[in-house]
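This report covers selected helices, strands, pockets and cavities of one protein model. The structure is shown first, and the description follows.

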Amino acid sequence: MKPAAVVGKLLRALLGLVLLLVGFAGFFTCAATTVDYPVVAPQEGVQAWPRGAFHVHTTRSDGKGTVEEVAAAAREAGLQFVVLTDHNDFGPRDPSFVNGVLVIPAVEISTSTGHVVAFGMQKPLDGARARQEGVSAVEAAGGVAVLAHPVQKKNPWTDREAARRARGFELYSADTFFRDAVRNPFSRLIPAVGAWFSNPVHGVMVLVTPQPASTEWLLELTREQPRLAFCSHDAHGWPPYRDVFRALAMYLPPTALPEPLSTEPRTAAAQVVRALSGGQSLCAFRGLGEPMGFALEGPLSGQREAWVGDTLTVRLPPHEPGQVRLEVSGAGRLGPDGTTVELVTEGAVQIEAWVQAPGRFFGSEWRPWIVPSPIRVLPRGSGG
């Protein structure tokens, strides 16, 4: 066969493959037009909680948008604050309001054992020391260290001893969802991309999957001391900032932020930092619904500690019967009423609200919805 004929045959085969993939993705584009969000109907007359994006990159590192573009996307998505975490960006910056959105400077530190998000520093963070020591350097600067995407295949956290010193843990990461989908192109990536063309929120939500390894490690760490759970956007601009911001957010309920957010940027940033580091903030996949009304009620200490034998009651936002369930991991057992959790053993428990959400194809899949920080469970009689 002549070379020209071989090339022609290969081009036709390639074209056929492309058309097949486009048709496959088009199936999900069409299916996504029938999907409505939010899944849980919004409540009328309820004051919204302040919400924002945590772990966002701009053109100061490997993000696709400027600070102004990120803030504009956040405002369009209905967010009040954004925590910027450009890679190894140790230059001093002040918080500010940009396009009406509070922009809080932070940093994602690249170390030899993984990445650390650092925020709320009380004094300058030495870049060289931070890249070498990671969590210890953040502690020395008076900041909060959060293990970034700790179970991600590309940049996992590998120093188990240092992990024990970090106060925060990214339980769910939008960037990790995306990278997991890339490794599963036919079951996750193509359905998500196809859905995104007609329904961007559904396209992002299709990427959301349970993270049992992440949950297991977080509970292991919480056995020793209370930890902060974060849902991170880890947004770089693809999927577009606005679409990721519309899909999930960190929320500051009244227990975390009892007063209105200040109009003075330094004061407002200090409020958000205190709220995010106090253990009462929570994450919600807001594409599924807003979390207002969610609460854990029972004999909980301010440090999110309770005792074996205690029973916690979960208050959920209004929803349709069978639409929401509690997912309990670790040292707790869900009661037969579906809203109480008995603490049965020493350790830690993670209690999340999950929603029966639109699936990748037709039908539905259970997805995480409201994600608070875990609770440390102490032996009865222990003072903590």
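Which residues lie nearest the centre of the second largest pocket? They are Thr255, Gln280, Phe294, Ala295 and Leu296, out of 17 residues that line this pocket.

## Basis of the description

This is a predicted model, in which local features need pLDDT of at least 70 and side-chain atom pairs count only at pLDDT 80 or more, while totals for chains, interfaces and linings use all residues. Residues are numbered from 1 along each chain as its sequence is written, and side-chain values use heavy atoms, with hydrogens and water left out.

## Pockets

Pockets and cavities are found on a 1 Å grid over the protein atoms alone: a pocket is an open set of points with protein on both sides within 12 Å along at least five of seven lines, a cavity is a set where a 1.4 Å probe fits but cannot get out, and lining residues have an atom within 4 Å of a point. Grid points are joined across faces, edges and corners, and a volume is the space filled by probe spheres set on the points. The largest pocket holds about 640 Å³ of space. Its lining has 22 residues, and Arg93, Pro105, Gly120, Met121 and Gln122 are the closest to its centre. Strand S4 and helix H11 (265-277) each supply at least two lining residues, and H11 gives the largest share, four residues. Helices (H or I, at least four residues) and strands (E, at least two) are DSSP runs, numbered from the N terminus.

By class, the lining of the largest pocket has 14 nonpolar, three polar and five charged residues. Here Ala, Val, Leu, Ile, Met, Phe, Trp, Tyr, Cys and Pro count as nonpolar, Asp, Glu, Lys and Arg as charged, and the others, Gly among them, as polar. The second largest pocket has about 310 Å³ of space, and its lining divides into nine nonpolar, six polar and two charged residues.

Strand S4 spans residues 101-105, and four of its five residues are buried. Buried means under 20% relative accessible area, exposed over 50%, and partly exposed in between (1.4 Å probe, protein chains only).

S4 pairs with strand S2 (residues 81-84) in the parallel sense over four bridges, and Val83 has Ile104 as its bridge partner in S4. Two strands pair if DSSP finds at least two bridges between them. With strand S3 (residues 96-98), S4 pairs in the antiparallel sense over three bridges; Ser96 is bridged to Val103 of S4. S3 and S4 form a hairpin with two residues between them, and Asn99 in the turn has a positive phi of about 55°.

Helix H9 covers residues 212-222, and its buried residues are Ser214, Thr215, Trp217, Leu218, Leu219, Leu221 and Thr222. Their cover includes helix H5 (160-163) and strands S8 (168-173), S9 (228-232), S15 (324-330), S18 (347-358) and S20 (375-378).

Arg242 is found in helix H10 (residues 241-247). This arginine counts as partly exposed because its relative accessibility is 29%. Leaving out residues up to four places away in sequence, Arg242 touches Ala73, Glu76 and Ala77, where contact means heavy atoms within 4.5 Å. The C-alpha atoms of Arg242 and Leu207 are separated by 16 Å, and the two residues are 35 residues apart along the chain.

## Nonpolar core

A nonpolar core is a set of buried Ala, Val, Leu, Ile, Met, Phe, Trp, Tyr and Cys residues joined through side-chain atoms within 4.5 Å. The largest has 114 residues, of which Phe54, Val56, Phe119, Phe245, Leu276, Phe285 and Leu288 touch the most other members. Apart from neighbours within four places in sequence, Leu288 is in contact with residues including Tyr37, Met205, Val355, Arg367 and Trp369.

## Cavities

Five cavities of 30 Å³ or more are found in the whole structure. The largest has a volume of about 130 Å³ and is lined by 16 residues, with Ala174, Asp175, His233, Pro239 and Val244 nearest its centre. Helix H6 (residues 174-182) gives the most to this lining, four residues. The lining of the largest cavity has twelve nonpolar, two polar and two charged residues.

The second largest cavity has a volume of about 100 Å³. Its lining residues include Phe178, Trp196, Leu207 and Pro239. Helix H7 (185-198) supplies the largest share, four residues, and the lining divides into nine nonpolar, one polar and no charged residues.
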